[in-house]
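Take a moment with the fold before reading on. Follow the strands, then the cores, then the loops.

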Amino acid sequence: MFKKYLAYTCIALGMGMLLASKSASAQEHDSAVQHLAQAIRFETISYQQTEKINHSAFDNFKSFLKSTYPTVFSSLYIQKISQHSLLIEWTGTHQHLKPVLFEAHYDVVPIEEGTLQDWQHPPFAGVIESGYVWGRGSLDDKVSVIASLEAIEQLLKQGYAPERTLLFAFGHDEEIGGKQGAKQIAQHLKQRDVELEYVIGEGGLLINDHPILPSSTVAMIALAEKSYLTLTLNAKGEGGHSSAPSQNSAVIRLAKAVSALDDNPFEAKLVSPVSEMLVAFAPHVGMVEGFLFNNQWLSESLLVSKLSEKTMSNPLVRTTTAVTMFNAGVKENVVSQQAQAKVNFRLLPGDSTEQILEKVTKIINDTHIEVVADSWGDSPKVANMNAEGYRRIQASIEAELPGTIVTPGLLMATTDTRHYSHLTENIYRFQPFTMHMDDSKTIHSTNERVSLDAVVNAVAISKRLITAVAKP
Ligand SMILES: [Zn+2]
């Protein structure tokens, strides 16, 4: 998941102050904390250049899980998919019920070159200090994997038996698209004709200190995520010697094209689930804001213009355009005959690759520029917040952390959850851990860390979630 988008989502969704943690202190529950610290020490890094991936780290991580959660590994049916991803099946007593799938991933992003010295604790040391577990993957997303396994292990030891079959899918390549992990797990389930009641996966979470609602903890259940599309623009033009420059060279054409795209953003609009999110916030904000949030038929244009003003909230109301790469030229005295740019778009629910392609071609309006689309596929449809799955997640959060405000939301990033869209109508993105806005900035960045209370709470919420969704 991408740090910035997560941060934006959290900001836009409004989260409040840390409830004085109702859970027992981390010391009393230190097995989860210790296990997370250990989990961080395995350098399960996903590299874009897959030949750099150290497969033995992934093997060692799986062995660590096996020895740390002996009851899980001896009692439940566990399959390895594409060697490194895990699919854990906890068969229910009522086998006619459709299974629920929990999804998370244990691969992590690399440490950016030149930033290692900025870490307060080395990223793969798994240090526990100052109320935090420090390290790459502490938030994204090993905490979810560990919290789930910790919860299952405890429940198994208590003799708990779910009525509904529960599946736990732990991917190993989410950070590079999930094609070997989640995608293959989903295909495997499809071949077995498995239909899922719903999926609970990476995306939403609990935030303690949102500027809009500073006095409450807010839990966001993301009903949808934006789709991911990159367009490559290939410009061709006359080259030659720079002493007699040609008109409309490839670089100039491309520069005009990208600035036209920048000057013509896609229309801002209020779509589901952002409209539902605002309605959910209405009772908790001031009277005027509450009225506006509840009466969108009247206030839509005002809300859209307010939200689009800020970099943080603009992506909630718009398919965004970001020129991310520009390559051209071989020598300072040569007019280049070709130039290439990449433009990354994050699509609002309802917008399609075809629509974007058509609009972009129109905006660029230059037949010398070829536009090639590379899409991650359209995102799953918006999940139903009036369905049983949403209610059970909400009830589990409220039971464990009373006073938490639960809202639907839109995730700006793209996760593995989309690979499961053909198996279910409803994908709810919710991870059971709490964090402060400041800590969210450490995801995919320096000093990634999770608070000890958050780890303890994550296990408690996971147990509630498991027992709540396992009921018929
Ligand atoms: Zn992630």
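Predicted model: local features only at pLDDT ≥ 70, side-chain atom pairs only at ≥ 80, totals over all residues.

Residues are numbered from 1 along each chain as its sequence is written.

Start with strand β7, residues 198-207. Helices (H or I, at least four residues) and strands (E, at least two) are DSSP runs, numbered from the N terminus. In β7, 10 of 10 residues are buried. A residue is buried if 20 or more other C-beta atoms lie within 10 Å of its own, exposed if 12 or fewer, and partly exposed in between; C-beta atoms are placed from the backbone.

Which strands are joined to β7 by bridges? Strand β3 (residues 100-105) pairs with β7 in the parallel sense over 3 bridges. Two strands pair if DSSP finds at least two bridges between them. Here L101 has V199 of β7 as its bridge partner. Strand β16 (residues 427-435) also runs parallel to β7, with 6 bridges. I200 is bridged to Y428 in β16. Strand β8 (residues 218-225) runs antiparallel to β7 and is joined to it by 2 bridges. There, L206 finds its bridge partner in A219 of β8.

Y428 returns in the largest nonpolar core, which has 103 residues. A nonpolar core is a set of buried Ala, Val, Leu, Ile, Met, Phe, Trp, Tyr and Cys residues joined through C-beta atoms within 7 Å. L36, I221, Y428 and V455 touch the most other members. Helix α14 (residues 452-469) gives the largest share, 11 residues. Why does this core lie between domain 1 and domain 2? Both domain 1 (3-226 + 379-469) and domain 2 (227-375) give residues to it, so it lies between them. The domain bounds come from an automatic or database domain assignment. Another core lies apart and has 19 residues, among them A235, L261, V343 and V360.

Helix α14 also packs against α5 (residues 142-157), at an angle of about 60 degrees and with the axes 8 Å apart. Axes are lines fitted to C-alpha atoms, for helices over the stretch in contact, and angles run from 0 to 180 degrees between N-to-C directions. That angle makes α5 oblique to α14. Angles under 35 degrees count as roughly parallel, over 145 as roughly antiparallel, 65 to 115 as roughly perpendicular and the rest as oblique.

Next comes an open sheet of 4 strands, in the order β11-β13-β9-β14, with antiparallel pairing. β11 (320-328) and β14 (369-375) each have a single partner strand, so one side of each is left without a neighbour in the sheet. Neighbouring strands are turned by 20 degrees against each other on average, direction ignored. Inside the sheet, 10 bridges join β9 (residues 227-236) to β13 (residues 338-347). Y228 has R346 as its bridge partner in β13.

Now the backbone. Most residues other than glycine have a negative phi, and most peptide bonds are trans. The bond joining D140 and D141 is cis, with omega about 10 degrees. D141 lies in the loop between β5 (132-134) and α5. The bond from S272 to P273 is also cis, with omega near 5 degrees.

S82 has a positive phi, near 50 degrees. It is partly exposed, with 16 other C-beta atoms within 10 Å. D193 has a positive phi of about 60 degrees. D193 is exposed, with 6 other C-beta atoms within 10 Å.
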